[in-house]
Amino acid sequence: MSSSDDRRYMARALELAGRGLYTTTPNPRVGCVIVRDGAVVGEGWHERAGAPHAERNALAMAGAAARGATAYVTLEPCSHDGRTPPCAPALAEAGVARVVAAMRDPNPQVAGAGFTMLERAGVRTECGTLEEDARELNIGFVQRMTQGRPWIRVKIAASLDGKTALDNGRSRWITGPEARRDGHAWRARACAVLTGIGTVRDDDPQLTVREVDTPRQPLRIVVDSRLETPPAARVLESGALIAAAVEDEGRSSALRARGAEIIVLANAGGKVELGALMRELGRRELNEVHVEAGYKLNGSLLREGLVDELLIYFAPHLIGDHARGMFDLPALEDLSGRHALEIRDVRRLGDDLRIIARPI
């Protein structure tokens with residue numbers, strides 16, 4: 001089979017994997033296409049944790065036609081028992097002759113073992129077709145497996161002169177409906193939405209997904225060093241995780257009565273230790289965290305090297321210097337200290353401009 005055919009069938013497998021964008025967490029998003037004699041005989045994708053994996057769904061559709069076929073999988077087939085049986089032996093037992101994977105599984109429990117199992121069973125394996133696309137689809141899973149923490153995406157809505165709120169904290173609405181809808185789609189794919197106590201006080205946000213259809217709501221997380229979250233805050237309506245730096249039984253009891261879970265992670269300065277928080281979220285199997293916070297928390301995350309991606313919406317307005325910016329950062333004496341970014345995508349949404357960038 002030609003390399004162009006391999007790319008075409010892998011592109012279809014990635015399309016199928018994308019159907020699990022909002023549902024597979026904490027598992028990766030995976031798709032599979034089984035091809036025999038130039039015809040697709042089986043397709044499948046992983047829908048949610050605990051459900052059959054993509055390969056098994058595709059094999060069920062292919063039936064006996066899987067014998068001698070090529071399976072295109074967006075991630076190396078698993079080789080260990082988890083919530084479901086492993087897929088590598090299932091492919092071999094079905095008589096698949098060749099497996100083409102987009103990328104190696106970063107999970108240390110797999111990490112090449114799936115390929116080894118297939119090769120020992122006489123199945124030819126190849127890896128690397130559309131690897132970058134597969135990696136981007138599971139950027140959070142890869143991050144958690146390799147770095148022990150989630151992928152941190154910071155969303156900012158700002159005026160063209162970089163202002164995110166008035167000096168009194170008011171910020172509704174800087175951007176238009178198309179940009180807000182797009183922001184909700186990014187919320188929906190995340191495992192959690194994180195904000196700071198300042199945003200809770202100023203805006204009383206819900207931080208739920210409302211503008212797009214989703215089968216689940218992400219966890220809400222509030223960074224609140226002194227446990228100042230009002231018990232009536234809307235962010236607590238369906239429960240939330242509050243990261244604090246102090247123990248206060250009175251305030252904690254009131255928040256727990258609203259369904260909040262409280263963890264105390266203090267640094268030497270009496271603030272929440274953000275690195276420890278991210279490691280804890282990784283331990284809880286969160287792959288992607290979507291940050292919608294103010295300039296102070298944004299600045300702290302950036303200074304500590306915890307920002308992986310920026311999702312910035314610029315509205316065609318000017319607010320002026322007497323307003324809040326995007327990041328609270330120390331003054332620079334030389335431009336060599338600036339934070340360099342790689343622009344990954346630029347597009348227009350209604351009247352607004354969306355930029356996706358990553359720190360270099």
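Two strands pair if DSSP finds at least two bridges between them. Helices (H or I, at least four residues) and strands (E, at least two) are DSSP runs, numbered from the N terminus. The model is predicted: local features need pLDDT of at least 70, side-chain atom pairs count only at pLDDT 80 or more, and totals for chains, interfaces and linings use all residues. Residues are numbered from 1 along each chain as its sequence is written, and side-chain values use heavy atoms, with hydrogens and water left out.

**View 1. Strand 13 and its partners, strand 6 and strand 16.** Strand 13 spans residues 309–315. Strand 16 (residues 352–359) pairs with strand 13 in the antiparallel sense, over five bridges. Here Leu310 stands opposite Ala357. Strand 6 (residues 151–159) runs parallel to strand 13, joined by seven bridges. There Ala157 stands opposite Tyr313.

**View 2. The two faces of strand 13.** Glu309, Leu311, Tyr313 and Ala315 point one way. Leu310, Ile312 and Phe314 point the other way.

**View 3. The aromatic pair Tyr9 and Tyr72.** A search of the whole structure finds one aromatic pair (ring centres of Phe, Tyr or the six-membered ring of Trp within 6.5 Å). Tyr9 and Tyr72 form this pair, 5.4 Å centre to centre with 40° between the planes. The pair is tilted; planes under 30 degrees apart would count as stacked and over 60 as edge-to-face. Tyr9 lies in helix 1 (residues 3–17) and Tyr72 in strand 3 (residues 70–73), so the pair ties together parts that are 63 residues apart in sequence. Both Tyr9 and Tyr72 are buried.

**View 4. Arginines over tryptophan rings.** Arg19 lies over the face of Trp45, at 4.7 Å from the ring centre. Arg180 lies over the face of Trp173, at 4.5 Å from the ring centre. A charge sits over a ring if NZ of Lys or CZ of Arg is within 6 Å of the ring centre and within 35 degrees of the ring normal.

**View 5. Backbone at Pro26, Asp204 and Glu285.** Most residues other than glycine have a negative phi, and most peptide bonds are trans. A cis peptide bond joins Thr25 and Pro26, with omega about 5°. Pro26 lies in the loop between helix 1 and strand 1 (31–36). Asp204 has a positive phi, near 45°, and sits in the loop between helix 8 (197–203) and strand 9 (219–223). Phi of Glu285 is also positive, near 70°.

Technical notes
Buried < 20%, exposed > 50% of the residue type's maximum accessible area, 1.4 Å probe, protein only.
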